[in-house]
Amino acid sequence: MIKVSVIVPVYNVERYLRKCLNSLVNQTLQEIEILVINDGSKDGSQQIIDEFKEKFPSKIKSFIKENGGLSDARNFGLDRAQGEFIGFVDSDDEVSAKMFDEMYHLAKKHSAEMVICNLQKVDEAGTVKQKLTQIPNMPEMMVLENHFSVFADLSYFACNKIFRKELFADKRFKKNIHFEDIQLIPQLLLHCKVIAQTQNYHYQYLEREDSITKTHTEKGLDILRAVDDVAAAFANSRYSQHEKELKNFKILEGIYTYLAYLAFVKDGETYRKMSQELKIFIRKNNISTFEIFSYQRFGRNYLLYLPLKKKIYYLLYFMGQEKLLQKLV
């Protein structure tokens, strides 16, 4: 029986791929399959995949498809995954040897539909730049109805979680958008009754110098559209009565996450358009400035604990001093 299917989309990552695949084939959990989806790479990525396929034929499953983007590659893998649980690893990242072992056993121990681990950002030299603790001060096992604050607090990465396969029965990543994780992962959470977590930092997220995320464009509007999609799903979920948590989710993802992206938009016209869309979003969702400033994450004021530069940026934005913002960033 395959316990975990790990889906790895690949696109022109020959520089990083060997390290990623090494971390996967050396997992202490033996009953895994690693679905490596070559999404139309033009570099030497396929030669590396073939090399690992030859060495680890029982673990590596190799697929080649036309380029369709991250969501399309993940969905391609989902259609072919046979595991009891599903995990996603980006092909320029790596994971600890015990990641899927510990997370699978937590899922079985607590009958959890989703398990979460901490992650840390590293640079290309492997130096840890930032530790991202996911759910501090919460128990290992959470009945979601009793701990629903996590809906508004959680960081919605796909890569630091495993999901019971049935969660994807009628769900897939939305194609041709950025921020597909924000669009889908909260919807999967709404179908969970029990989640579990480990405080171990199993996932190493590489901040690449040439990362596409450094290019901040009008695509950032997809954040607001993703939040709208989640809100629509929320209204039809078993948790629809938790309106406060939904509003807090909108504040975290639709305002703070969006503003963090907007801060690096250099084109003036694009910035103005995106800023106007944010103001429309705030009005449409009846979010007051007081609610934004008093928003609490993990039980403490969010603004209060931000780095000074970010704090000043947010305050200037909501004080209407947008002309000063480009100087700040």
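First, a term: helices (H or I, at least four residues) and strands (E, at least two) are DSSP runs, numbered from the N terminus. Now the ground rules. This is a predicted model, where local features need pLDDT of at least 70, side-chain atom pairs count only at pLDDT 80 or more, and totals for chains, interfaces and linings use all residues. Residues are numbered from 1 along each chain as its sequence is written, and side-chain values use heavy atoms, with hydrogens and water left out.

Let's start with a pocket. Rolling a probe the size of a water molecule over the atoms shows where empty space is left. The search runs on a 1 Å grid over the protein atoms alone. A cavity is a set of points where a 1.4 Å probe fits but cannot get out. A pocket is an open set with protein on both sides within 12 Å along at least five of seven lines. Lining residues have an atom within 4 Å of a point. Grid points are joined across faces, edges and corners, and a volume is the space filled by probe spheres set on the points.

The second largest pocket comes out at about 290 Å³. Its lining has 15 residues. Nearest the centre are K244, N248, Y295, Q296 and R297. Helix 8 gives the most, 5 residues. By class, the lining splits into 4 nonpolar, 5 polar and 6 charged. Here Ala, Val, Leu, Ile, Met, Phe, Trp, Tyr, Cys and Pro count as nonpolar, Asp, Glu, Lys and Arg as charged, and the others, Gly among them, as polar.

Next, the aromatics. A pair of aromatic rings is described by the distance of the centres and the angle of the planes. Rings of Phe, Tyr and Trp (its six-membered ring) pair if their centres lie within 6.5 Å; planes under 30 degrees apart count as stacked, over 60 as edge-to-face and the rest as tilted. The whole structure has 19 such pairs. Take F88 with F168: edge-to-face, 5.9 Å centre to centre, 70° between the planes. F88 sits in strand 4 (residues 85-88) and F168 in the loop between strand 9 (161-164) and helix 6 (180-189), so this pair ties together parts 80 residues apart in sequence. F88 is buried at 1%, and F168 is buried at 3%.

A second pair is F151 with F249. This one is tilted, 5.1 Å centre to centre and 40° between the planes. F151 is in helix 5 and F249 in helix 8, so the pair links parts 98 residues apart in sequence. F151 is buried at 0%, and F249 is buried at 1%.

On to helix 9, residues 268-284. Its 17 residues reach 24 Å from first C-alpha to last, close to the 24 Å expected at 1.5 Å a residue. That expected span is 1.5 Å times one less than the number of residues. Which residues of helix 9 are buried? T270, Y271, M274, S275, L278, F281 and I282. They cover an arc of only 130° around the axis, which puts them on the same side of helix 9. The arc is that of the directions from the helix axis to the C-beta atoms. On the other side of helix 9, E269, R272 and R283 are exposed.

Now the backbone. Most residues other than glycine have a negative phi, and most peptide bonds are trans. N286, which follows helix 9, has a positive phi near 50°. N137 has a positive phi too, about 60°. N137 lies in the loop between strand 7 (128-132) and strand 8 (141-143), and is exposed at 75% relative accessible area. For N176, phi is positive, near 60°. N176 is in the loop between strand 9 and helix 6, exposed at 65%.

Last stop, L17. L17 is in helix 1 (residues 14-25) and is buried at 0%.

Definitions and conventions
Buried < 20%, exposed > 50% of the residue type's maximum accessible area, 1.4 Å probe, protein only.
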